[in-house]
Amino acid sequence: MYKSSNLGYPRIGEKREWKRALERYWKGECSEEELLEETKKLRLKNIQKQKLQGIDLIPVGDFSFYDHVLDTATMFGQVPARFAYNGGKVPLQTYFQIARGNKDAVASAMKKWFNTNYHYMVPELGERKPILTENRPLAFFREAKEALGIEGKPVLLGPLTFIKLAKGYEEDKLEATVESYLPLYAQILTELEREGVEWLQIDEPYLVTDVTPREWNITQQIYQTLQEAAPKLKVILQTYFDAVTDYKTIISLPVAGIGLDFVHDDGQNLASIQQYGFPEEKILAAGIIDGRNVWRAHLEEKGNLLTEIQKAIGSDKIIIQPSSSLLHVPVTVKEEQIALILKEALSFADEKLQEINTLTEGARKGKAVIQAQIDKSKEAISRLNVSTARNNQVLQEKLKRAAEKPERSDNARVRQQAQQEAFKLPILPTTTIGSFPQTKEVRKERLRWRKGEITNEAYETFIQAEIKKWIEIQEDLELDVLVHGEFERTDMVEYFGEKLAGFQFTASGWVQSYGSRCVKPPIIYGDVAYVNPMTVKETVYAQRLTTKPVKGMLTGPITILNWSFVRDDISRAEVAKQIAFSLKQEVKELERNDIRMIQVDEPALREGLPLKKEKWKNYLDTAVYSFKLATTSVERETQIHTHMCYSNFEDIIDAIDALDVDVISIETSRSHGEFIQTFAEKTYEKGIGLGVYDIHSPRVPTKEEITRNIEHALAVLDPRLFWINPDCGLKTRNEEETIGALEVMVEAAKERREKLLVQN
């Protein structure tokens, strides 16, 4: 009874039609009706495409205008009180205000979706009683059936995961909070069953984390209640990103099917099935195609895995599917103009659906039916593995001689004294995180240069003019430490990957990061090696324009790793070491050119943390080692900065300390300062800037807001070590918003600085 299925399809469209429609709407260039019509067409096109690929169970309701967690929150009427809402279906304008803020109210917090680079909006519970404002899964099911005659598989974020990702409830009242939502979930399922829906996918990725016995008890109560509400509805309880924490409990739940990840589970899910068996009455939804990476599946190995699974459960009641939603990979590789040896080894969303269909055919009709596809996949993967790109012997010899325990030659206190003498910064120094607005003109000139329409010299002149303009703006604003603005860079990872060996970039390999923000992750396909200086020219030019220090700006090794599609033939730790070794050489080039503040950003360090604590140490050891390999060879007067954003940092504060940076900046404004409490419990003796305003919102903050954020930080931090900065780079903001916000920030910093001087 083998079936094929998908868990979710990319929302953005092959040409990012979704992104462009959203941004036209936000700019007032199209009406709400036009937005709804355009996105509906895209949604139906995606469903039809999956049907043509031979997928049996096609997800509906996986679409979102911004984020599926926000969709769930608004479906239950969970609109923060600071936004105008009077009940009923949440207006689209209000929905976007929760995500983006407005002139009077800050946006909801944004965090990483488990250990991915996708960002979700944190639901704020407790301010309003939950109500069912609309049955979104039912609406999307009806849409596909009426328009295409396709009876899809609705997708719903599960109660436990939804509430554990939220804030605004007390942990000791978790049971009561869950119970307040259960009748609403039951109503959704009852209406789906009444409509004739056969399959429902309920996503509970939280069940692969360190779930407590108490939470498992709650989970049992949830699914018993839902089964009683809709006994004829076939519910697939879907997990992904790792192995389930308690296999024996999850297979005992009253659901029709269990979805398990057989790619990112380190073999634990299969081992559990082999040890404990699988219920005869249930269906196993087996995630055997990697939903998070872009490499072609070795079909013979996947077929063998499927055979092992089938033997272990003693049944062919198996649904073949990706390990997770395909939200995390680009749409299709078909139009990419890249070397054939690499292109043939790649598989994006559409190609993964083909692989699922092929494996399903093989399972139904026998291996011989798909032997040609098996041979083709084996040959493509082998050709890349034996290529010179993956066998750089010179680099591998150098890496063998790299320091086992890289360390700075002086401790933090000695470095602080030397750096203060060198830079003579005021107390509460002000700076920014690195990037300034990437205007239409900047993007236009970069595109013209890439197309060969303007010369290298003309493009360099243009970039230098932008740098000069923004150095002057920063000086007029009276910022203390300046940046060159990064106008030459498209993306903080792509820029470096383009200049290092071992990376490949795509023309259309876009994935959603947050909201309409799409990124084009580089593909690390070979050994990563340093070629030439990457940032020296622009940084040195900026430094010559001012007597104030200008920071050199690099992206850190773990962020480059986590924000790339990484080769899967060697360990991620080995790839991280290669990247760090390359960055070490760039750091030394900057220092040799008298750039004495160097920021090596690691915004993605926390997001790569394994979902189970037992795996944290190995990951954090790799992260700390890689960062230190890149940064510790500098002199004591050279000040190393880093930046991190949008995560739960309290879990890794010791690792952050172990990085031994001179100054770290961390986002706190979007999370409304929650991380600050960590410093009331742990002493941090290095320089730190906790972002004092949210750059992802188009509003200019008030001085009162920034002052309040500064005061919260100074309540637990030494003012002699505190820096004042925005919470992230300013690339996505326009010039007026940027200057207006920085003016307010500098004014607030000056006022607080004067108070400190008077007090002392």
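Helices (H or I, at least four residues) and strands (E, at least two residues) are DSSP runs, numbered from the N terminus. The structure described here is a predicted model, in which local features need pLDDT of at least 70 and side-chain atom pairs count only at pLDDT 80 or more, while totals for chains, interfaces and linings use all residues. Residues are numbered from 1 along each chain as its sequence is written, and side-chain values use heavy atoms, with hydrogens and water left out.

Six strands, in the order E15-E17-E18-E19-E20-E21, form an open sheet with parallel pairing; two strands are taken to pair if DSSP finds at least two bridges between them. Strand E15 (551–555) and strand E21 (722–723) stand at the edges with a single partner strand each, so one side of each is left without a neighbour in the sheet. E15 runs parallel to strand E17 (residues 597–601), and five bridges join the two. Within this pair, Gly-552 stands opposite Ile-598 of E17. Helix H22 (residues 572–592) packs on the sheet and touches E15 and E17, its direction making about 170° with that of E15. Contact here means heavy atoms within 4.5 Å; axes are lines fitted to C-alpha atoms, for helices over the stretch in contact, and angles run from 0 to 180 degrees between N-to-C directions.

A second open sheet has three strands in the order E11-E14-E16, with mixed pairing. Its edge strands are strand E11 (501–504) and strand E16 (565–566), each of which pairs on one side only. Three bridges link E11 with strand E14 (residues 523–529) in the antiparallel sense, and Gln-504 has Ile-523 of E14 as its bridge partner. H22 also packs on this sheet, where it touches E14 and E16 and its direction makes about 55° with that of E14.

Lys-577 lies in helix H22. Apart from its neighbours within four places in sequence, Lys-577 is in contact with Leu-399, Ala-402, Tyr-625, Ser-626 and Leu-629. Between Lys-577 and Thr-39 the separation is 538 residues in sequence and 42 Å in space, C-alpha to C-alpha.

Thr-39 belongs to a helix pair: Glu-17, Trp-18, Ala-21, Leu-22, Arg-24 and Tyr-25 in H1 meet Glu-32, Leu-35, Glu-38, Thr-39, Leu-42 and Lys-45 in H2. By class, this contact of H1 with H2 has six nonpolar, one polar and five charged residues; Ala, Val, Leu, Ile, Met, Phe, Trp, Tyr, Cys and Pro count as nonpolar, Asp, Glu, Lys and Arg as charged, and the others, Gly among them, as polar. The axes of helix H1 (residues 17–26) and helix H2 (residues 32–52) come within 10 Å and cross at roughly 170°. H1 is therefore roughly antiparallel to H2, a term applied to angles over 145 degrees.

Grid points are joined across faces, edges and corners, and a volume is the space filled by probe spheres set on the points. By this rule there are eight cavities of 30 Å³ or more.

The largest cavity has a volume of about 600 Å³. Its lining comprises 37 residues, of which Met-492, Arg-517, Trp-563, Cys-728 and Lys-731 lie nearest its centre. Strand E3 (110–112), strand E12 (511–514), strand E13 (517–519) and E15 each supply at least two residues of this lining, and the largest share, three residues, comes from E15. The lining of the largest cavity divides into 16 nonpolar, 13 polar and eight charged residues.

The second largest cavity holds about 330 Å³ of space. It is lined by 23 residues, with Gly-61, Asp-62, His-68, Val-155 and Asp-203 nearest its centre.

Terms used. On a 1 Å grid over the protein atoms alone, a cavity is a set of points where a 1.4 Å probe fits but cannot get out, and a pocket is an open set with protein on both sides within 12 Å along at least five of seven lines; lining residues have an atom within 4 Å of a point. Angles under 35 degrees count as roughly parallel, over 145 as roughly antiparallel, 65 to 115 as roughly perpendicular and the rest as oblique.
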